[in-house]
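User: I am new to this structure. Please show me how to read its features, one at a time.

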Amino acid sequence: MKRSIIFSLTTALFACTAFASTPQLAGPKAPDEQQQAPHSIIIMIGDGMGPAVVSGYRYYKDNPDTLEVEETVFDRLLTGTARTHPAPVSGYVTDSAASATALATGVKTYNGAISVDENKQPVTTIMEMARERGMATGVAVTSQINHATPAAFLAHNESRRNYDELAASYVESPADVMLGGGQKYFSQDMLATLMQKGFSHIERYQDLEGVQHMPVIGLFGEVGLPAALDDDTPNRLALLTEHALRLLSAHPKGFVLMVEGSQIDWAGHDNDIAGVMHETEDFANAIEVVEQYVRANPNATMVVTADHATGGLTLAKDGEYVWKPKMIADIKQGSRTLAEATYKNDNWQALVADALALQPTEDELASLQKARDAVDKKIMAKAIRAIVDDRTNTGWTTGGHTAVDVPVLAFGRGSELFNGHQDNIEIATQLMSLLPPKADSPMPEASGVVVNDAPAAAIKENND
């Protein structure tokens with residue numbers, strides 16, 4: 001019910017705010033209309049969202065009362081797949097920083113790099129190109145806003161680990177809308193400087209409604225946002241995305257927005273299937289918010305992909321031809337939060353049973369007791385996840401990333417550019433090709449930034 005309400009309201013909002021000059025969806029387009037640049041570009045990244053996650057989400061959402069397995073938004077908008085490998089110096093398996101740099105700049109680089117090349121020289125991002133053209137820019141994420149993926153779109157640094165430096169750079173060269181976590185990285189002095197520049201600063205979801213104009217920085221968590229399973233607002237990324245679109249769409253020269261389902265990756269690193277599915281659902285809801293926006297504004301383009309896969313998820317294990325995801329929907333609490341709670345409650349067995357919506361067996365209770373005796377929250381959380389894995393028959397191959405190709409979804413103007421198999425740098429260069437021409441008086445280029453503002457084909461050739 002929550003989901004349908006969100007999307008009904010979103011559809012009405014975006015239908016009302018569509019520009020009067022926007023062409024209609026129905027009917028053939030005139031040649032000059034076909035060549036018109038998108039009024040807005042929305043890039044969506046499911047961090048760690050490999051193909052098994054997308055398949056698993058389909059089965060997780062399947063209605064058992066019907067014969068068919070219903071398609072999801074990932075099936076409906078699928079256009080192709082993408083390679084994710086970083087620069088050769090880092091081998092075949094990418095991290096989020098190198099992959100986000102590829103998606104933001106069209107340049108392959110080493111793992112850990114934030115929009116710098118292999119020589120640690122800054123390379124121009126699509127956000128910088130957009131600002132040169134007078135467009136607005138924004139990010140909406142469930143990680144801290146200075147985490148690897150948003151940072152690659154907004155900053156330049158030789159290491160993703162330099163969180164304080166990245167946050168400081170946002171004060172000097174911020175986007176117009178920054179929504180996510182990261183309170184610990186932004187001092188009162190930094191926030192005061194942003195507010196002097198006209199920024200609104202909020203730290204509660206409910207305050208989004210009161211923000212009527214850009215620029216805005218919304219920091220809704222000390223580091224990342226609460227996990228989807230633990231947040232009082234489980235559709236929090238969909239909410240942030242809706243408000244980011246509301247604010248950015250008021251800009252007359254269009255915008256570029258990057259939306260990240262950051263914590264699909266975090267749950268994947270934990271081998272937490274319940275966390276992965278709930279984070280993916282939040283990301284799917286955000287995709288549908290954007291889809292409705294693009295339907296109401298056919299001069300817009302949306303592209304959805306992943307930076308890499310995480311965890312080596314398998315939808316069955318141990319030779320059994322079965323995967324049973326239905327219990328995942330009934331889980332009420334994240335494994336880390338539940339593990340911590342078991343140390344604060346003498347009746348912890350009942351607490352676990354209620355949170356997982358199951359009655360543990362004697363063997364499961366014994367494994368939980370052994371983990372609890374270790375007085376280590378990580379060990380307890382792992383024991384909780386093991387029960388869910390065994391009940392669902394879920395398998396994992398790693399606690400890190402893998403090198404598999406990832407899905408690509410696209411919708412709106414120019415979406416045909418993303419059909420078929422491609423490299424992640426091609427996604428970036430095709431998006432750059434959809435930007436409008438530079439304004440007559442562009443903003444000055446940032447000092448020291450290597451500008452790669454060349455035709456898409458030329459950029460690809462230089463990085464083969």
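User: How exposed is E340, going by its relative accessibility?

Analyst: Relative accessibility is compared with cut-offs: under 20% is buried, over 50% is exposed, and values in between are partly exposed. In this predicted model, E340 has 34% relative accessibility, so E340 counts as partly exposed. Now take K344. At 67%, K344 counts as exposed.

User: Which parts does the pair R83 and D423 tie together?

Analyst: Start with the contact itself. The side chains of R83 and D423 form a salt bridge of 3.4 Å, N to O. Then place each end. R83 belongs to strand 2 and D423 to strand 12 (residues 420-423), so the pair ties together parts 340 residues apart in sequence. Now check the surroundings. R83 is partly exposed, with a relative accessible area of 29%. D423 is buried, at 5%.

User: What about D282 and R236: are they buried or exposed?

Analyst: Read each value against the 20% cut-off for burial. D282 has a relative accessible area of 1%, so D282 is buried. R236 has 0%, so R236 is buried. Their side chains meet in a salt bridge of 2.6 Å, N to O. D282 sits in helix 12 (residues 273-296) and R236 in helix 10 (residues 236-248), so this pair ties together parts 46 residues apart in sequence.

User: Let us turn to a helix. Which residues of helix 9 are buried?

Analyst: To read a helix, list its buried residues, then look down the axis. In helix 9 (residues 188-196), the buried residues are M190, L191 and L194. Seen down the axis, they fall within an arc of 95 degrees, so they line one face of helix 9.

User: What do the buried residues of helix 9 pack against?

Analyst: They pack against helix 8 (163-172), strand 5 (200-202) and strand 6 (216-219). The face turned away from the buried side carries the exposed residues Q188, D189 and Q196. Just after helix 9, G198 takes a positive phi of about 100 degrees.

User: Where is S90 found?

Analyst: For a loop residue, find the elements on both sides, then its contacts. S90 is in the loop between strand 2 (78-83) and helix 5 (96-105). S90 is partly exposed, with a relative accessible area of 23%. Leaving out residues up to four places away in sequence, S90 touches Y110 and N111. The C-alpha atoms of S90 and G112 are 9.6 Å apart, while the two residues are 22 residues apart along the chain.

User: Over which residues does pLDDT stay under 50?

Analyst: Look at the whole chain before its parts. The mean pLDDT is 89, and 86% of residues reach 70 or more. Over residues 1-35, pLDDT stays under 50.

Note on methods. Residues are numbered from 1 along each chain as its sequence is written. This is a predicted model: local features need pLDDT of at least 70, side-chain atom pairs count only at pLDDT 80 or more; totals for chains, interfaces and linings use all residues. Side-chain values use heavy atoms; hydrogens and water are left out. Helices (H or I, at least four residues) and strands (E, at least two) are DSSP runs, numbered from the N terminus. Buried means under 20% relative accessible area, exposed over 50%, partly exposed in between (1.4 Å probe, protein chains only). Contact means heavy atoms within 4.5 Å. pLDDT is the predictor's confidence in each residue, from 0 to 100. A salt bridge is a side-chain nitrogen of Lys or Arg within 4 Å of a carboxyl oxygen of Asp or Glu. The arc is that of the directions from the helix axis to the C-beta atoms.
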